[in-house]
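Visitor: Can you take me through a few local features of this one? Please put it up first.

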Amino acid sequence: MTVVSAIWPGAAYPLGAAYDGAGTNFSLFSEVAEKVELCLIGKDGREERINLDEVDGYVWHAYLPTISPGQRYGFRVYGPWAPRDGHRCDPSKLLLDPYGKSFHGDFDFTQALYSYDLTAKDLASGGTPPRVDSLGHTMTSVVINPYFNWGSDRAPATPYHETVIYEAHVKGMTQTHPGVPAEQRGTYAGLCHPVIIEHLKSLNVTAIELMPVHQFMHDHRLLDLGLRNYWGYNTFGFFAPHHQYAANQTAGGAVAEFKNMVRSFHAAGIEVILDVVYNHTAEGNHLGPTINFRGIDNAGYYRLLDGDLRLYKDFTGTGNSLNVRHPHSLQLIMDSLRYWVMDMHVDGFRFDLASTLAREFYDVDRLSAFFDLVQQDPVISQVKLIAEPWDIGEGGYQVGNFPGLWTEWNGQYRDTVRDYWRGEPATLNEFASRLTGSSDLYEATGRRPSASINFVTAHDGFTLADLVSYNEKHNEANGEHNRDGESHNRSWNCGVEGPTDDPAILELRGRQMRNMLATMMVSQGTPMISHGDEIGRTQGGNNNVYCQDSEIAWMDWSLCETNADLMTFARTVTTLRKNHPVFRRRRFFDGKLIRSGDEEIRDIAWLTSAGKPMTPADWNAGFKCVAVFLNGEAIPAPDARGERVVDDTFLLCFNAHSKPVEFTAAEGDYAAQWSAEVDSAVPTGTSVLVVKAGDVFTVQGRSLLVLRKTA
């Protein structure tokens, strides 16, 4: 049992537990508290309670000179139990540190975690809660050693226009990889294993975007069903790497292992971006457990329902929303972001349901306090900031409306590319906008094409292979009678629902996957690949594997051999993008004549299959095919050293018709000799086609042909 021999006043900042080499400072914010106890948990599971008598600005604190890394702890907060007034203090609950850097143990979801009678389903709107002690039934916070030898670690700082993002799940990416040692599979150590890094490098990936790694909780409902919260969008520890992803299960071991992972990725020139969930917490609605925020300062940390403060506003579909109007909630978010950049060396963040963070009162507000703080912060303003620009509340769809520093998951890009390649009518105009960087969405706010994160698939929804294999979702394994998940997927099964042996359908599905991979790589903007799409990963038609910690969701690495041609194709198109700046311009096209030497040339031109400039009538005729002239000698933005950027010139031939279409190589201003670089009608993308001005050539049905000017 820990015995504290000295208690010093300590400091109100930093919040949480801060070890300085000699002892540990503890501090906790609670405006509603009347008394706070720091509880030190011994190896025998018993606690030693210490009153935090020092209070500055509602921050309760003390310094303990004998406490070192590995010490488990929690807090007990005494104050009003008055749900009708928004307060839910319950000192029978051992509360986790909101600033905890590491956690130990697990939750058992017995009565001890709840401040109302589970049997009676009492909402605890009045009276006294059951007062069952949660010690031994909940996780505990752990003091960490903050010191780590980063060596010569440097952030790659890859410019957005050179970035290729790969969205991945720590466990799912490595759980079945035969080249990763068994004890490292599903862990941070496994993710940075050389075989994984080599795979990413072969795809020219410059940034890995990790699905949630902040400490999260597995939902009680899912555990009862024999499932788990696989995705991890259920955070309660915004400073701690999820402990179950660590091969090193010693107290605080996940922190050092995560740092080593980041250092390894940086050494390979790969940035690390975290998918972060600051819009809600794991405590859920009024029927959820009391594990930290609810018992510390319920009204401070959560948005409560106007007119009934017992209940929570829910813009996320998870039961609660973090109160970003409160200065200490905002401080929590900003402190967390800075910690992950400065202490953990990550390179950026993707904000889940980011519109929720912009809701000052009810409406989404581009001038909200959160955006102001990010804009002014000298650390956070300099890393990659990616918004998922929607939530489930009214007015929550905000694609194109985030401030200048931000990039966005471009949902319109995803929808348009899916519709175009499955042959939906009247999509060509929209397709042209998305292909050229979505200037209609981003140029008005002073942003560049790279503000558009271009993706066709992501963790949420069908994989690329399932997108071309299923018309309907098949989520029966989730235990919700197939009611969960998106029902309108803009998918097309190519003629048969699910698995088939029909060679014609399999060939078409392969072509469609290649079309969408290639389209992303020749589009202006920042491409994002969803993990496994490069090898045809399938989830069996399940488009919502949030609860499937199983082979349904994990990467099947045997597909590297089964679908070797697809992998080769993915490498080909990512290499094409890497080698040619005309596909990753820093500025939008303007289509105007630009003088180059003795000639006036355009940076882009849109041509019919007959090689003639597109007319307004052509755009409105419902065409499904178009040729795009990209002039490599008309790139206005200089490189990093101020020198002119000159590239090859390309002709992109898109044919979304089901039948082959004859194209004519343009004459006049666009006359040239062209050589095929990529042909999506070929499994590996390789073609020996050479055409000259005036030549007629065939682009196969539902395929993309990339031609490079050679003379």
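Visitor: Which way do the residues of β12 point?
Guide: In strand β12 (residues 165-168), Ile 165 and Glu 167 point one way and Tyr 166 and Ala 168 the other way, and all are buried. Buried means under 20% relative accessible area, exposed over 50%, and partly exposed in between, with a 1.4 Å probe and protein chains only. Strands (E, at least two residues) and helices (H or I, at least four) are DSSP runs numbered from the N terminus.

Visitor: Before going on, what sort of model is it?
Guide: It is a predicted model, where local features need pLDDT of at least 70, side-chain atom pairs count only at pLDDT 80 or more, and totals for chains, interfaces and linings use all residues. Residues are numbered from 1 along each chain as its sequence is written, and side-chain values use heavy atoms, with hydrogens and water left out.

Visitor: What does β12 pair with in the parallel sense over four bridges?
Guide: Strand β13 (residues 207-210); Tyr 166 stands opposite Ile 208 there. Three bridges also join β12 to β23 (residues 526-530), running parallel, with Tyr 166 opposite Ile 529. Two strands pair if DSSP finds at least two bridges between them.

Visitor: Switching to His 220: where is it?
Guide: His 220 is in helix α4 (residues 220-224).

Visitor: Why is it called partly exposed?
Guide: Because the relative accessibility of His 220 is 28%.

Visitor: And what does His 220 contact, leaving aside neighbours within four places in sequence?
Guide: Phe 109 and Tyr 114, where contact means heavy atoms within 4.5 Å.
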